[in-house]
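Work through the exercises below with the sequence and the model at hand. Each task is followed by a solution in steps.

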Protein chains: 2
Amino acid sequence: MPTWFDKKGSDSDIVVSTRIRLARNISDVPFPSRWSEEQAKIVTEKIRAAASDDFEFLNLDNAPELNKNSLVEEHIISPEMLKGKNKALLLSKEGDKSIMIGEEDHIRLQVISAGFDIEGAYKKADALDDMLSDSLDYAFDSQFGYLTQCPTNVGTGLRASVMLHLPALRMAKRINLIVGEVGKLGLTIRGLYGEGSSSKGDLYQLSNQITLGISEEQTCEKLKNIAMQIIKTERELRKKLLENNPDELPDSVYRALGTLKYARMLSSSECEDLLSKVKLGINLGIIKEVSDEKITQLMIKSEPAHISLAEGRVLSAKERDRVRADMIRKVLDEGRD
Amino acid sequence: MPTWFDKKGSDSDIVVSTRIRLARNISDVPFPSRWSEEQAKIVTEKIRAAASDDFEFLNLDNAPELNKNSLVEEHIISPEMLKGKNKALLLSKEGDKSIMIGEEDHIRLQVISAGFDIEGAYKKADALDDMLSDSLDYAFDSQFGYLTQCPTNVGTGLRASVMLHLPALRMAKRINLIVGEVGKLGLTIRGLYGEGSSSKGDLYQLSNQITLGISEEQTCEKLKNIAMQIIKTERELRKKLLENNPDELPDSVYRALGTLKYARMLSSSECEDLLSKVKLGINLGIIKEVSDEKITQLMIKSEPAHISLAEGRVLSAKERDRVRADMIRKVLDEGRD
């Protein structure tokens with residue numbers, strides 16, 4: 001099946017992906033935390049009927065844990081979808097659009113794109129939202145906008161985000177500064193799956209926090225502008241980093257590549273570190289023999305559920321480290337002269 | 001020019017080289033520490049005349065420092081030959097035999113062979129000694145044997161040694177134990193260029209200490225037997241090491257190879273560590289894509305004077321680290337599929 005991370009996006013030296021998520025609920029039905037199984041069934045069928053044939057339906061209540069975890073690793077579903085019952089997923093055949101049913105709200109529709117593509121992703125999400133609203137009766141208040149379980153989503157129900165690779169900002173110890181700055185502007189930045197400034201593989205997610213009293217277009221515009229500033233700063237710092245370490249930086253990124261190509265065991269966290277270094281090396285033009293897309297793909301394919309799924313069974317941490325190293329060696333050796 | 005380390009010797013999984021050294025002096029001439037320039041000149045000319053055309057003459061007083069240091073790194077001359085004046089070298093065209101003139105004694109003749117070859121090396125040294133003694137009047141006492149400046153060499157004047165690669169014994173922390181054991185037997189073992197149990201690249205030199213009251217044959221026989229015991233123990237410990245670390249050891253030796261193949265800067269000491277690991281990996285059958293001979297050659301070619309000599313000038317430590325990494329990458333990529 002195709003995935004968003006098979007593609008090369010714009011500004012992919014820094015922006016791994018762009019996501020647009022809209023929270024929607026059906027009127028006169030309790031939120032998923034309080035709906036009955038019967039109500040869940042009816043709503044799920046309604047949403048399924050509202051979606052075009054372009055979507056595959058997946059009942060997450062019956063789906064194997066590994067497959068669900070793997071969808072979380074691909075950012076197709078949120079970690080909340082792993083908990084509780086009455087959860088389903090509609091996933092577009094191109095792998096770019098998903099409709100989570102029974103998350104915090106009845107509907108969380110999401111569009112994910114490789115690279116920096118806020119406008120494009122929003123257009124797709126808006127079109128999908130229009131399609132669903134044709135046959136669904138959304139809970140909408142003329143004063144507040146879309147009603148959601150959590151007050152932080154009321155209004156547009158929009159969460160727009162970009163996943164950024166910020167190794168130079170992290171090395172310059174400037175992430176916390178940015179956390180504070182974007183906070184004042186109504187945005188938030190945090191390490192992937194982490195809190196505050198901790199991160200895996202120098203990946204950070206920048207997203208809007210405010211959904212009330214601001215239009216969808218304004219939200220996207222703001223996110224885009226602030227992201228562009230961060231991208232600019234990261235690029236400048238990368239250049240400086242190389243200027244100040246003309247021998248040390250190439251050495252460090254090439255050693256990371258050497259370890260990835262030769263290690264027989266790789267833990268998840270070491271792997272993230274090494275891939276981050278190699279990605280930096282590629283995007284600074286130091287490493288030319290590996291593509292940036294391959295590294296982005298490996299960042300996801302090397303996560304625990306993907307590793308176990310590739311072997312078709314739940315692996316111990318040690319087995320995973322071995323399979324991960326084998327897989328990475330194989331992928332990095334593909335297309336070698 | 002051919003060198004001893006171009007060849008593959010016996011038991012080369014553990015024994016890097018065998019050396020036989022004989023100390024000789026010309027009678028009625030003061031030892032080099034006290035000879036006059038005139039006396040040095042006469043003795044040097046005599047020795048030069050006594051050697052066959054098979055030897056090249058090198059006046060070390062005029063030789064560039066880099067070349068002299070490089071000869072030390074190849075174990076062709078001793079570090080003592082770098083100090084003071086009136087020193088010369090006769091080196092056989094095959095690179096296996098050398099005659100140091102003006103070291104501690106007038107003559108230090110040496111044969112060096114790849115691998116474990118005490119008898120072979122001794123035979124060559126004995127033949128060379130015979131040849132020289134035909135036209136030279138050695139200082140010899142019927143009671144004490146050959147007279148030398150230092151009492152520890154009086155008698156046979158023979159120092160027989162083997163250079164052993166002992167990573168498993170070092171990891172098992174058994175080197176100090178061996179130091180004590182061989183000491184009781186009149187032998188000594190020490191880290192290469194180091195004292196006691198410190199070593200570079202897990203290389204240790206085992207040699208006889210006693211030259212008085214023991215024949216040349218007995219000395220060689222004893223060294224051979226004790227070396228064989230150490231070799232046996234090292235082989236057993238290596239096997240156990242792999243049995244106990246079936247994933248960790250391959251991971252460790254392959255990571256070392258990956259770093260050697262990808263680093264852009266390699267310090268001398270890191271390089272020795274990495275080469276030692278790779279050598280262990282090759283000799284345990286883990287690494288098959290690189291030959292043991294290549295690693296032994298790299299152990300010498302990566303030493304500081306060799307690195308500078310390859311560039312034709314004295315390099316700073318940082319420049320050397322870069323040139324070393326470049327050279328190693330190049331050599332390891334030779335003959336790659």
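**Exercise 1. Find the partner of Lys318(A) in a salt bridge, and say how exposed the two residues are.**

Solution. Lys318(A) forms a salt bridge with Glu248(B), with 3.3 Å between the closest N and O atoms. A salt bridge here is a side-chain nitrogen of Lys or Arg within 4 Å of a carboxyl oxygen of Asp or Glu. The pair crosses between chains, from helix α11 of chain A to helix α7 of chain B. Helices are DSSP runs of H or I with at least four residues, strands are runs of E with at least two, and both are numbered from the N terminus.

Next, take the exposure. Buried means under 20% relative accessible area, exposed means over 50%, and partly exposed is in between (1.4 Å probe, protein chains only). Lys318(A), at 37%, counts as partly exposed, and Glu248(B), at 33%, also counts as partly exposed.

A note on the source: this is a predicted model, in which local features need pLDDT of at least 70 and side-chain atom pairs count only at pLDDT 80 or more, while totals for chains, interfaces and linings use all residues. Residues are numbered from 1 along each chain as its sequence is written, chains are lettered from A and ligands numbered from 1 in the order in which they are written, and side-chain values use heavy atoms, with hydrogens and water left out.

**Exercise 2. Describe the interface between chain B and chain A.**

Solution. Start with contacts, meaning heavy atoms within 4.5 Å. On this rule, 21 residues of chain B are in contact with 21 residues of chain A.

Then take the area. Buried area is the accessible area (1.4 Å probe) that two parts lose on being put together, summed over both. Between chain B and chain A it is about 1900 Å², and carbon and sulfur atoms give 49% of this. In chain B, the residues that lose the most area to chain A are Asp247(B), Arg255(B) and Tyr262(B), together 34% of what that side buries.

Now count the pairs. The rule finds eight salt bridges across the interface. One links the side chains of Glu270(A) and Arg255(B), at 2.7 Å from N to O.

Last, sort the residues of chain B that touch chain A. The elements giving two or more residues to this side are α7 (248-262) and α11 (317-333) of chain B. Of these, α7(B) gives the most, with 10 residues. By class, the side has seven nonpolar, two polar and 12 charged residues. Ala, Val, Leu, Ile, Met, Phe, Trp, Tyr, Cys and Pro count as nonpolar, Asp, Glu, Lys and Arg as charged, and the others, Gly among them, as polar.

**Exercise 3. Compare the span of helix α11 of chain A with the expected one, and find what its buried residues pack against.**

Solution. The expected span is 1.5 Å times one less than the number of residues. Helix α11(A) (residues 317-333) has 17 residues and reaches 24 Å from its first C-alpha to its last, close to the 24 Å expected. Its buried residues include Asp321(A), Arg324(A), Ile328(A) and Leu332(A). The buried residues pack against α7 (248-262), α8 (268-283), α9 (292-301) and α10 (304-311) of chain A.

For α7(A), 13 of the 15 residues are buried, so this helix is largely enclosed by the rest of the structure.

**Exercise 4. Which parts of chain B does the salt bridge of Arg235(B) and Asp13(B) tie together?**

Solution. The two side chains meet at 2.7 Å, N to O. Arg235(B) lies in helix α6 (residues 216-244) and Asp13(B) in the segment before β1 (15-24), so the pair ties together parts 222 residues apart in sequence. Arg235(B) is partly exposed at 33% relative accessibility, whereas Asp13(B) is buried at 16%.

**Exercise 5. Which residues does Lys222(B) contact, leaving aside its neighbours within four places in sequence?**

Solution. Lys222(B) lies in helix α6 of chain B and is in contact with Leu185(B) and Leu187(B). A polar atom of the Lys222(B) side chain lies 2.8 Å from the backbone oxygen of Leu185(B).

How values were computed
Polar contact = N/O pair within 3.5 Å; in protein donor to acceptor, adjacent residues only side chain to side chain.
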